[in-house]
Amino acid sequence: MNETAVSLRSRAAVSADHVRARETSTSLSISLTISRVGVDFLLLLACTMLGGAIGHVLQRIASFSLTSQQLLVGSLIYSSLVLSLLVGENGYPRVISLLYLKETEIALRVSIKAIVVCLVFAILTRHPVPRMATLSAWMIGTLYLMMGRGWVQESIAKRFAPSLSKRRTLIYGTKRTARRFFTGALHSPMLGIDPVGFVGTPNEIADEIYSNDYFQRDSKPVIREQLSVEMIRRMSIEEVVVCDSLPESELNRVREVTQAANCLLSLVNNQEVLTNRVPAWVWEMDGLFVTTTSMSEPSRFYSITKRLFDIVSSAILITLSLPVWAILAVTIKLESKGPIFFRQTRTGQNSRPFEILKFRSMKADAPKYARSPDEHNDPRITRVGRFLRQTSFDEVPQLINVLRGDMSMVGPRPEMPFITAEYGPLESTRLTVPQGITGLWQLSADRRYAIHQSLEYDLYYIQNRAILMDIAILLHTLVYAAKGI
């Protein structure tokens, strides 16, 4: 196994640790969201009832009486409508905006929509509405949504914050973008980011940097030390976030340091990631585009489900296709001497070698590890082999490899060892997942070229893989199976 593959396995293990930590905190994140919605509903209900009661007292019209039951039912309907609209308008985001302004704007918009809906419904149904009670209830409820809600939501988040999984993060830079990122991470505990400090230049004036807030209350120190592997390990840093614009040479050095330290690297508002083919997760933090340049690891549920799916599907397909196997075996034997199956060593997940199986489509004396044919009239291909390759039936025996666990139904195409031995860091990413019978590259028109010339297909799959995507690829394979040579 080459050093690059070892490094990638180690880096993937770090990413897997982060995934397991995220899985552990998923239930806490759900509990946090439920608590935020529940507390909002109860407090909004209380404010609406209080406002309705005050308005009813102020109205002082004996001809119109508002009972406690009517007040409760009306407040319940209004509060339920507001909470439904809040959830639909992303009123409970993972990322809190600067000074909580977007959330306040959403609350105001939702409040106006809710009261308009209620009034239109009352007019259409000709239901009498106490004007003063309705106005007072709406005003006090809106005041809570715009002012009190921010404090309540922050208090709930702080209550859950110690239980949420967080990764120790070092912010590279001290300018405005670094401060914005620090603010977003600090006030958004569901992101799981624990900012521990800023990496500045020796000439940096400030000793600490405060978050953007109504008060100067949260700050982290500025470290006037060059980023190094020793620093990352000493401070137990799990992620480095580059916020300042850096020369290419300095950015490459930061990449090398983080890779050597098995540390995640994220870039903020960096245009390079738009053309970089390295797997990356891009997300937004209140206007800042953050790109984490590391391979994402799937959940344990996905890994178990994928393996179970491989076992069941391959077993069923082998059973159903046994008569076809027998017919193909006879025709292969009748046309040319040699074995029915073609066997060749390939490199699997984590650089583990295995023996791949195919129906033999070339003459028995054809070089075993020569370049694969790319023309229909290649003299090495037999007549039966031409049909096998045209219909992709030559790949069917690989169902045995899937059943054994050497391969998966869907994944990057396995390469020969002498090719993978020359892989660099980018190409070695293909070996961090199970290799597959079919995949995005296998379906594309670029399959006629070498795999390393079309890495974007495999990198896209690795970054976005999911059970439904695997099923979608298999469905596409059924449609396009006959386009091979």
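How many aromatic pairs does a search of the whole structure find? The search finds five aromatic pairs, where rings of Phe, Tyr and Trp (its six-membered ring) pair if their centres lie within 6.5 Å, and planes under 30 degrees apart count as stacked, over 60 as edge-to-face and the rest as tilted. The model is predicted, so local features need pLDDT of at least 70 and side-chain atom pairs count only at pLDDT 80 or more, while totals for chains, interfaces and linings use all residues. Residues are numbered from 1 along each chain as its sequence is written, and side-chain values use heavy atoms, with hydrogens and water left out.

The ring centres of F182 and F198 lie 5.3 Å apart with the planes at 75°, so this pair is edge-to-face. The pair links distant parts of the chain, 16 residues apart: F182 belongs to helix α5 (residues 176-186) and F198 to strand β2 (residues 193-199). Helices (H or I, at least four residues) and strands (E, at least two) are DSSP runs, numbered from the N terminus. Both F182 and F198 are buried (under 20% relative accessible area, with exposed over 50% and partly exposed in between; 1.4 Å probe, protein chains only).

W325 and F359 form another edge-to-face pair, at 5.7 Å centre to centre and 75° between the planes. Here W325 lies in helix α8 (residues 300-335) and F359 in strand β10 (residues 353-359), 34 residues apart. W325 and F359 are buried, and ring pairs join W325, F341 and F359 into a cluster. Elsewhere, R149 lies over the face of Y92, 4.9 Å from the ring centre; a charge sits over a ring if NZ of Lys or CZ of Arg is within 6 Å of the ring centre and within 35 degrees of the ring normal.

An open sheet of eight strands has the order β3-β4-β2-β1-β5-β6-β8-β7, with mixed pairing; two strands pair if DSSP finds at least two bridges between them. At the edges stand β3 (208-210) and β7 (281-285), each with a single partner strand, so one side of each has no neighbour in the sheet. The twist averages 30° from one strand to the next. Strand β4 (residues 219-223) pairs with β3 in the antiparallel sense over three bridges, and Y210 stands opposite S219 in β4.

Helix α5 packs on the sheet, and its direction makes about 155° with that of β2. Helix α7 (residues 248-260) lies across β1, β5 and β6, at about 150° to β6. Axes are lines fitted to C-alpha atoms, for helices over the stretch in contact, and angles run from 0 to 180 degrees between N-to-C directions.

Conventions. Contact = heavy atoms within 4.5 Å.
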